[in-house]
Amino acid sequence: LKQWLESSSVSLELSKKGFHREVTTTVELRPTTLSGASILLLYRWPNGVFVDPYQLASLGDQSNFEILLDSAIDLEVPAHMTSGFLTFVFPSHTGSAPSFLKLTIPVHGRYHKPSFSGEAFTSVHIEPPDLLLRTEKLFDLPIRANLDAPCTVSNSSRCSWVKKPLQQESSTVSVMLPVGDGSATMLVCGGTLLATMVCCVALSKYMLKHRLLVTQIAYCYCWCLNQ
C-alpha cells in the first residue's frame, strides 16, 4: 500500500477563460490495480473561487464522480468576505480502484477588492487535491499518514484514510481574475452622483410640466361643460 501511494501521481489542468473555469484532475495509480480499495480526493479551495452546488447537482449522471461539501456555499459574496472550503470527491467506479482517473470540476471566480497599486489582475492559486486511499485493512504506515474523513458521499459515518505523501513538484494552477481600479473610486462615485442628480432634476421638470398641462386640460374641459 505504501509503495502504491508513493508511486501514484496527481496533476491539475485549468481550462476556459474569465470567471468561469474548469479544473481537470488527472490521477495515475501505480501499480495498476489494488483490490478492494476506495479512493477519495480532498480539495482545499481558496476563498478566491467557489463551486456551484446547483450546477454540480444538475450534472447528474454526466459526471464520473460524487462530491460532498464541508459547508454551505454563498454564491454572491466577494472573496474578502468569505473563507476557503473543502470538497470531498468520490470517483465513481466499481470493483478495484482504476489505474487512471480524470475528473473535471467547474469552478467560478469571486469578485475581489479593487487594487490601489495599478494592478489589473489578481492571482488565485489552486493546489492539487490530496489523494486518499481506504482498504478493509490498513497496513503499517506512520500515524501521521492517516486522515479522518467521510466514508461515502452520504457523510453518514467517518473512516480512517491513508494520505499520499506530498509530491516534490506540485502542479499548482493559477487563475488570473480582473480587479477594479481603486484609484478611480472618487471619480466613479462623483460621476455617478452627478449623473443621478441631473436625471432627478430632468425627471422632476418633466413630471411638473406634464402635471401643469394635465391640470390646464382638465380646467378647460370643466369650463366647457359649464357653458
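Author: What follows looks at the cysteines and their sulfur atoms, one after another. The model is a predicted one, in which local features need pLDDT of at least 70 and side-chain atom pairs count only at pLDDT 80 or more, whereas totals for chains, interfaces and linings use all residues. Residues are numbered from 1 along each chain as its sequence is written, and side-chain values rest on heavy atoms, with hydrogens and water left out.

The structure holds one disulfide, a term used here for a pair of cysteine sulfur atoms within 2.5 Å. In general terms, such a link is a covalent bond between the sulfur atoms of two cysteines. Here C151 is joined to C159, with 1.7 Å from S to S, and the link of C151 and C159 is right-handed, with 100 degrees about the S-S bond.

For accessibility, buried means under 20% relative accessible area, exposed means over 50%, and partly exposed lies in between, with a 1.4 Å probe and protein chains only. On that scale C151 counts as buried because its relative accessibility is 10%, and C159 also counts as buried, because its value is 17%.

Turning to other cysteines, C189 has 48% relative accessibility and therefore counts as partly exposed. C200 is partly exposed as well, at 45% relative accessibility.
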